[in-house]
Amino acid sequence: MKEIWTMGETICEIMRPEVDMPLERTGEFTGPFPSGAPAIFADTVAKMGYVSGMIGRVGDDEFGVCIRKRLEEDRVNCSLLSTDPILSTGVAFVSYDRNGERKFIFHMGNSAAGNLSVPEKLPENVGIFHIMGCSLTSSKKMAESILQTMKALYEEGAMITFDPNVRIEILKETDLMSSVLPILEYTTVFMPGLHELLTIFETDSPDEAIDQVFQYPNIKVLVLKQGKKGAQIITRETHLDVPICKVRAKDPTGAGDSFDAAFLCGYLSGLPLKTCARQASAAAALNTAAFGPMEGIITPGRVTDLIRQNYEAQ
């Protein structure tokens, strides 16, 4: 079986334990929780039973140990997760308002995560190289390193998949279009949220944005994630609507990353798109059922059970 690799930030999250505890107020936090969108993705791939690899960088500190330990325990290949001897591990502080909306303060571009370089030796047998947009806007060095690695792995035959995963808190003055469009030239599976899709193509019309997506000849599948409304799986020939799996949610952080992971595990295996989307929805739901971005208990068996409960019983 080909392997699934990703590259980008590996950070710890320090989280407010309850809703309506703004970050500007003195109060309690809980954590550290290993995190970073690419790291959550890699972890879920491994939990789904696939060979997963993470190209990242942590500091020579306890937070770095926290991240590496979790990924290794879950059997992620961390041979290219390097340690920076000077810079500290990246951190994000997270709070939730009364409606469950998240607020982040990131310390990432000036951390070990932002000091990520192209690995001296690329991983072999890569079937999918998955890119997260938040990694492209964290630091110029990280973005350039990811782009170089992507091109090299593409030349070696890897499929490129892309979730723009825009974080307004770290976007700042970064030109979103200049970050995203070079990736789309290589992308086979594009996985935005609806707001991200409209923002990238500067339109209020989903149909117009979808048409623009398929102007890129390499793109075969558009996975349009819409939160509680589920997802649309769109190709040039077909259009599928897949509702969410229902669970008692505790924390939405990482749900989209787990969705990507489970979908691409199925896609790499050649499963039908509807099956890929259903297992993605189940993995995302299991991720939300625990507090913390990587704390969800995701296994192939639990994913199968949740699919049966939510779809096959209908």
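Author: Glutamate 202 is exposed, with a relative accessible area of 66%, which is over the 50% cut-off. This is a predicted model, by the way. You'll find Glu202 in the loop between α7 (194-200) and α8 (206-213). Its phi is near 50°, a positive value in a residue other than glycine.

Asparagine 125 also has a positive phi, near 60°, and it isn't a glycine either. This one sits in the loop between β7 (102-107) and β8. Asn125 counts as partly exposed, because its relative accessible area is 38%, between the 20% and 50% limits.

Now for the backbone at another spot: the peptide bond from Gly31 to Pro32 is cis, with omega near 5°. Pro32 belongs to strand β3 (residues 30-35).

On to the sheet. It is open, has 9 strands with mixed pairing, and runs in the order β5-β4-β1-β8-β9-β10-β11-β12-β13. The edges are β5 (81-84) and β13 (239-242); each has a single partner strand, so one side of each lacks a neighbour in the sheet. On average, neighbouring strands are turned by 20° against each other, direction ignored. Helix α10 packs on this sheet, where it touches β11 (221-225), β12 (231-234) and β13, and its direction makes about 25° with that of β13.

Within the sheet, β8 (residues 126-132) pairs with β9 (residues 159-163) in the parallel sense, over 5 bridges. Ile131 stands opposite Phe162 in β9.

Ile131 also turns up in the largest nonpolar core: of its 43 residues, Phe129, Ile131, Phe190 and Phe201 touch the most other members. Helix α4 (residues 140-155) gives this core its largest share, 5 residues. Beyond its neighbours within four places in sequence, Phe129 has contacts that include Trp5, Met7, Ile55, Ile146, Met150, Leu153 and Ile160. There is a second, separate core of 40 residues, with Ile4, Phe41, Leu268 and Leu273 among them.

Back to α10, which has a helix partner too. Helix α10 (residues 273-288) and helix α11 (residues 300-312) pack at about 110°, with axes 9 Å apart. The two are therefore roughly perpendicular to each other. From α10, the contact uses Arg278, Gln279, Ser281, Ala282, Ala283, Ala285 and Leu286, while α11 brings Arg302, Val303, Leu306, Ile307 and Tyr311. Sorted by type, the residues of this contact are 8 nonpolar, 2 polar and 2 charged.

Note on methods: Residues numbered from 1 in each chain as written. Predicted model: local features only at pLDDT ≥ 70, side-chain atom pairs only at ≥ 80, totals over all residues. Heavy atoms only, no water. Axes fitted to C-alpha atoms, helices over the stretch in contact; angles between N-to-C directions. Helix = DSSP H or I, 4+ residues; strand = E, 2+ residues; numbered from the N terminus. Parallel < 35°, antiparallel > 145°, perpendicular 65-115°, else oblique. Contact = heavy atoms within 4.5 Å. Nonpolar A, V, L, I, M, F, W, Y, C, P; charged D, E, K, R; others polar. Pairing = 2+ DSSP bridges. Core = buried A, V, L, I, M, F, W, Y, C linked by side-chain atoms within 4.5 Å. Buried < 20%, exposed > 50% of the residue type's maximum accessible area, 1.4 Å probe, protein only.
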